[in-house]
Amino acid sequence: MSTNENPSKKPGQVETTGHVWDSNLQEYNNPLPRWWLWGFYATVVFALVYWVLYPAWPVGGSFTKGLNTITFMQDGEEVTTHWNTRSLFAREMQSGKQAVRQREMLEQVGAMDYETLLADVEAMSFVNAYAKGAFGTWCAACHQTGGGGVIGQYPNLRDDHWLWGGTAEQIEETLVLGRIGYMPGYRESLDGQQLEQVASYVLSLNGFAMNDVDVAAGGEIFNGYLGGCYQCHGVDAAGLASLGAPNLSNNIWGLVDVPGAANDEERVARVARFVHQGVQRHMPAFADRLSPAEIRVLSAYVHSLGGGQ
Ligand code: HEC
Ligand code: HEC
């Protein structure tokens, strides 16, 4: 290896350069290992090539752009820029293998009718994967991650209790058109006692043991001229999807926090307060923000969440 073999070197002793100062001061000879040197030269070559091809050095207020370019679509036009990760990402999203496959699947699924789609295991696994992301982007802010909703504010989409109906077609209509859920308040037409009576009636439909006299009086209000509740909720309180009026007899509560009440008195008070106030809620329309295929995928997904009708 070295040309300066130290003749006095014993096995295991480090080699020296052969120079001696002050009669006993010697200099070790430890050349860099060859693999290390070649590695070093390779990084130098790599850096030079990199500087030529890619953005590298700051120059004034700008930087050297490199020779490498990226072409991608922006607002329907083809744009070519110097290499940068943001454009690289844009191109991946447009023409990457994944993206192309995803678009093809979306087109396929968008063209299927719901009956075929919901029964197709492979298509539904695509629906689940795609819709999870889309739901997070467009829906979770209100309906929460996973679609559990917030009682009194945003409907739970995971149960099989629906305001506007739970068939895939009805869900699609909800997404395309948006919905306005409206129930008038009864501030003027019902007094405190009547409100408690009608509340007792509604609670009795859900299996709560209420005062019989109140329930009878409340039933008359609900199904009669004074309350007219039946006009929206139906005579048997089973709900009316065309008005977004929920079933009031399945003990599922989307607006009044009945499950959170400690006792019957509080349950009556909560339902009575709700009927007194009424409510208006708004589900935005998505027809102008999502493509028909995306709406189809989301509708199938929401339908599958609650084991929809
Ligand atoms: C700004 C808040 C908001 C956003 C965003 C939103 N929703 Fe809603 N959504 C609501 C409200 C409020 C209602 C209840 C409307 C009513 O009272 O009738 C609702 C109702 C619904 C219903 C009807 C439920 C039923 O029981 O019939 C479905 C289905 C639904 N949303 C799905 C979605 C999906 C899917 C998205 C995302 C694409 C979404 N929502 C985005 C607020 C929102
Ligand atoms: C004009 C139609 C209409 C009338 C009349 C009406 N409701 Fe409603 N009711 C609705 C709608 C719509 C909702 C759901 C609102 C929403 O989702 O934003 C609702 C919700 C409710 C709820 C909440 C259920 C839950 O899941 O928490 C109760 C309780 C209720 N109504 C009771 C009554 C009673 C009692 C009367 C009569 C005194 C009445 N409603 C009259 C349309 C009506």
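Student: Between which domains does ligand 1 lie, and why?

Tutor: This is a predicted model, in which local features need pLDDT of at least 70 and side-chain atom pairs count only at pLDDT 80 or more, while totals for chains, interfaces and linings use all residues. Residues are numbered from 1 along each chain as its sequence is written, chains are lettered from A and ligands numbered from 1 in the order in which they are written, and side-chain values use heavy atoms, with hydrogens and water left out.

Ligand 1 lies between domain 2 (113-177 + 287-309) and domain 3 (179-283), because both give residues to the shell around it. The domain bounds come from an automatic or database domain assignment. The shell comprises 23 residues, and the closest are Cys139, Cys142, His143, Trp164 and Met283; a residue is near a molecule if one of its heavy atoms lies within 4 Å of it.

Histidine 143 places a polar side-chain atom 2.8 Å from a nitrogen atom of ligand 1. Tryptophan 164 likewise has a polar side-chain atom, 2.7 Å from an oxygen atom of the ligand. Leucine 163 takes part through its backbone, a polar atom of which is 2.7 Å from an oxygen atom of ligand 1. The elements that contribute two or more residues to the shell are helix 6 (140-143), helix 7 (168-177), strand 8 (279-283) and helix 12 (292-305); helices (H or I, at least four residues) and strands (E, at least two) are DSSP runs, numbered from the N terminus.

Technical notes: A polar contact is a pair of N or O atoms within 3.5 Å; within protein, one must be able to donate a hydrogen and the other to accept it, and residues adjacent in sequence count only if both atoms are side-chain atoms.
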